[in-house]
Amino acid sequence: MWRVPGPLCAHIARRSELLRPRSRPAALMSTLLIAQPQYAWLQELGLREENEGVYNGSWGGRGEVITTYCPANNEPIARVRQASVADYEETVKKAREAWRIWADVPAPKRGEVVRQIGDALREKIQVLGSLVSLEMGKILVEGVGEVQEYVDICDYAVGLSRMIGGPILPSERPGHALVEQWNPVGLVGIITAFNFPVAVYGWNNAIAMICGNVCLWKGAPTTSLISVAVTKIIAKVLEDNKLPGAICSLTCGGADIGTAMAKDERVNLLSFTGSTQVGKQVALMVQERFANVLYGPLHTKQAVTMFLGAVEAAKKEGGTVVYGGKVMDRPGNYVEPTIVTGLAHNASIAHTETFAPILYVFKFKNEDEVFAWNNEVKQGLSSSIFTKDLGRIFRWLGPKGSDCGIVNVNIPTSGAEIGGAFGGEKHTGGGRESGSDAWKQYMRRSTCTINYSKDLPLAQGIKFQ
């Protein structure tokens, strides 16, 4: 169990300290949280009031300057200068140049670099987890736990770096060997969403690196500080190993950068898990943050609006709100956990992904019916049943059971161990990240036939006479 650091929670909760007059002139005072003494720990991650959001061996950025906000109180944290299209073009070029060096490094040596990245993350796990909590809005233990996922996948990737490879297959032709060879695809683009601003990048980055690929990351604009902080940790490891920093490049940006990555043929593989647009202007309010809670705020004010819209839609379709359904009367983007009953299984709102704490409860007649309801939605990431019936467990896991990418029994739908492949089906996507054989997606496969005999036989016994 992770212990909540006292200074973060104590200082954030004290409104009086945030409002206390400073000795310097009011005209020079910064309204950013990072400038306040109680947030001095942000400097341990190399963050400043204005941060460069492009890294390709050196830091820069010629795009728009955005401000990131704390969803617990909507106060501004710091600024990040995003990538311009020109920055993106330069970064892709440098990343592809770096690949020529990285691909020649033996896989176990690549694993050693990833091991060092994991160790560097361990050293910063509490402070980086605190940043996840501050900028994304997760409770602190979840923020630290997300960084731990990155650490764990680094450990996993280190072992995998000595195991990746293909089998030697029996050839039907005498004096021939059939070899399956795996090689890196090249440049892996990674676009991550606000809800997992560290872990999803880690799943992709650690495995892609040991496979011999270089990475280009675009995180969500609303969690840009996290992207910058993580990249600074990685960049130091690459620098210490005298490797090109562009092996792990970063281009903070909005839809223009994401679109460029999606359309760019030089990006050999693109991992996309969603993106969020940040508002141009958010009203600044000096509010207090509440700490040691087990339920965090929604990420943005737009998310609160979506929550309220979903509640109203559920009511219009015949649902009854038996618990929650309201915005909490407190600073920040907090809403009540909500339970809705009485909806039909095919109600449109029940098939809509809202990204809010709403639970729709349905009554069903039998196993076949409820399994079908589970599978009729377009989303297919995670599913779970609670039962002691052994037969039901295996029917749930079988061909007529859940069609999701993650199928659980007697545990919730959230949370996943790094040793298994992570990903969904249907509209959630068919790709896999993290463990199992997900590493194969970051490599290209060649079937190689080698003739070491003095003859030239053909396959299938074909002879030209």
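## Aromatic pairs

Rings of Phe, Tyr and Trp (its six-membered ring) pair if their centres lie within 6.5 Å, and planes under 30 degrees apart count as stacked, over 60 as edge-to-face and the rest as tilted. By this rule the count comes to six aromatic pairs. Tyr55 and Trp59 form a tilted pair, at 4.9 Å centre to centre with 40° between the planes. The rings of Phe362 and Trp373 are edge-to-face, because their centres are 6.4 Å apart and their planes stand at 70°.

With buried meaning under 20% relative accessible area, exposed over 50% and partly exposed in between (1.4 Å probe, protein chains only), Tyr55 is buried at 6%, whereas Trp59 is partly exposed at 25%. Phe362 is partly exposed at 28%, and Trp373 is buried at 18%.

## Basis of the model

This is a predicted model, in which local features need pLDDT of at least 70 and side-chain atom pairs count only at pLDDT 80 or more, while totals for chains, interfaces and linings use all residues. Residues are numbered from 1 along each chain as its sequence is written, and side-chain values use heavy atoms, with hydrogens and water left out.

## Helix α11

Helices are DSSP runs (H or I, at least four residues) numbered from the N terminus, and the buried residues of helix α11 (residues 367–375) are Glu367, Phe371 and Trp373. Seen down the axis of α11, these buried residues line one face, because they fall within an arc of 160°, taken from the directions from the helix axis to the C-beta atoms. They pack against α12 (390–397), where contact means heavy atoms within 4.5 Å.

Conventions:
Helices (H or I, at least four residues) and strands (E, at least two) are DSSP runs, numbered from the N terminus.
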